Amino acid sequence: METTRPRQYWDDHASRFKNRSLAETYELRPPYPDETYRILLSLLGESRGRVLDVGCGPGKIARGLVKHIEGVDAVDFSQEMIRIGKTLINGDHPNLRWINGPVEEVQLYPPYSMVTAGASIHWMEWDVVFLRFKEVLTTDGYLVIIDEDRPIEAPWHDAELSLIHKYSTNRHHENIDLIQELVDRGHLHLIGDKRTAPMRFSQSLTDYVQSFHSRESMSKEHMGQKMSVPLMPNYHRSCLTLLTMMDTSVSN
Ligand SMILES: C[S@@+](CC[C@H](N)C(=O)[O-])C[C@H]1O[C@@H](n2cnc3c(N)ncnc32)[C@H](O)[C@@H]1O
């Protein structure tokens, strides 16, 4: 099937998540705020039914919900992400079923009271998955798209962005308002939009820099030796300079 998604989201980029190095650096990304899970649980209401988490990665959403609801089916086409997710907190919960394969094709076990997609919907085949979600959701179920795990108004933002532009290996990148794009294409009927309060998160500068390698445009495999070796010291130094100047909570 020929995709109609914007070029930057095509499978040649999406499939990078299957690489071990992306999965191994994924935990260095910041967690979602607790409020995210409270919002999801409130949307589920009294029923606390079953959830389908698509493009689950190591299960940030799925593992955070599973103790509070009937069960979660967590789907990802990256074996590596699932392998790591299984070792993390609640990764072996009896009500969490890991399903390895493309969400467009794998066997699902409906009905689901909610479908969650954390930083993942853009990578999927929209003409297929939205119809699938409709089929597997209960009539009063929601699809919830969760996004943004980046610093807010970081003082180093502009310097960081110029480094990302310089070293990104996704040369098709354009700024797209994803939700608006999905609404315009008729895939989504938007019922609501919630933004959590920002949360404090601290990590070492090295971990912060490494966390970029969990993003497809900066995967170690694709940056290769030639790019990643010079990148690290430069990147490190620029961030460090800015951080020192601004005295932020990220430590080295
Ligand atoms: C950025 S990660 C998000 C992980 C997690 N949902 C979170 O919120 O942290 C995107 C994940 O979507 C998965 N993915 C992308 N396209 C997929 C598809 N068509 N079927 C299943 N998984 C997919 C990738 O393997 C990757 O683990």
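Aspartate 76 stands opposite asparagine 100 of strand β3. The strand that pairs with β3 here is β2, residues 71-76. The two run parallel and share five bridges. Strands count as paired if DSSP finds at least two bridges between them. Strands (E, at least two residues) and helices (H or I, at least four) are DSSP runs, numbered from the N terminus.

The model is predicted: local features need pLDDT of at least 70, side-chain atom pairs count only at pLDDT 80 or more, and totals for chains, interfaces and linings use all residues. Residue numbers start from 1 along each chain as its sequence is written.

Five strands make up an open sheet, in the order β3-β2-β1-β4-β5, with parallel pairing. Its edge strands are β3 (96-100) and β5 (137-146), each of which pairs on one side only. From one strand to the next, the twist averages 20°. Helix α6, residues 126-136, packs on the sheet. Helix α6 touches β1 (50-54), β4 (112-118) and β5. Contact requires C-beta atoms, placed from the backbone, within 7 Å. The direction of α6 makes about 135° with that of β5. Axes are lines fitted to C-alpha atoms, for helices over the stretch in contact, and angles run from 0 to 180 degrees between N-to-C directions.

In soluble globular proteins, nonpolar side chains tend to be buried together. In this model, the largest nonpolar core has 37 residues. Such a core is a set of buried Ala, Val, Leu, Ile, Met, Phe, Trp, Tyr and Cys residues joined through C-beta atoms within 7 Å. A residue is buried if 20 or more other C-beta atoms lie within 10 Å of its own, exposed if 12 or fewer, and partly exposed in between; the C-beta atoms are placed from the backbone. Val54, Ala62, Leu65, Val72, Ala74 and Val115 have the most contacts inside the core. Strand β4 gives the largest share, four residues. Another core, of five residues, lies apart; Tyr208, Val209, Phe212 and Met223 are among them. Alanine 62 touches Asp53, Cys56, Val72, Ala74 and Leu96, with residues up to four places away in sequence not counted.

Around the ligand are 20 residues. Those that come nearest are Phe17, Gly55, Gly57, Gly118 and Trp123. A residue is near a molecule if its C-beta atom, placed from the backbone, lies within 6 Å of it. The shell divides into twelve nonpolar, five polar and three charged residues. Ala, Val, Leu, Ile, Met, Phe, Trp, Tyr, Cys and Pro count as nonpolar, Asp, Glu, Lys and Arg as charged, and the others, Gly among them, as polar. Helix α4 (60-65) and strand β2 each supply at least two residues of this shell.

Aspartate 34 lies in helix α3, residues 34-44. Aspartate 34 counts as exposed because it has 11 C-beta neighbours inside 10 Å. Glycine 64 is 30 residues apart from aspartate 34 along the chain, and their C-alpha atoms are separated by 8.9 Å.

Most residues other than glycine have a negative phi, and most peptide bonds are trans. Arginine 48, in the loop between α3 and β1, has a positive phi near 45°. Arginine 48 is partly exposed, with 14 other C-beta atoms within 10 Å. Asparagine 90, in the loop between α5 (79-87) and β3, has a positive phi near 65°. The peptide bond from proline 110 to proline 111 is cis, with omega near 5°. Proline 111 sits in the loop between β3 and β4.

Technical notes: Two residues are in contact if their C-beta atoms, placed from the backbone, lie within 7 Å.
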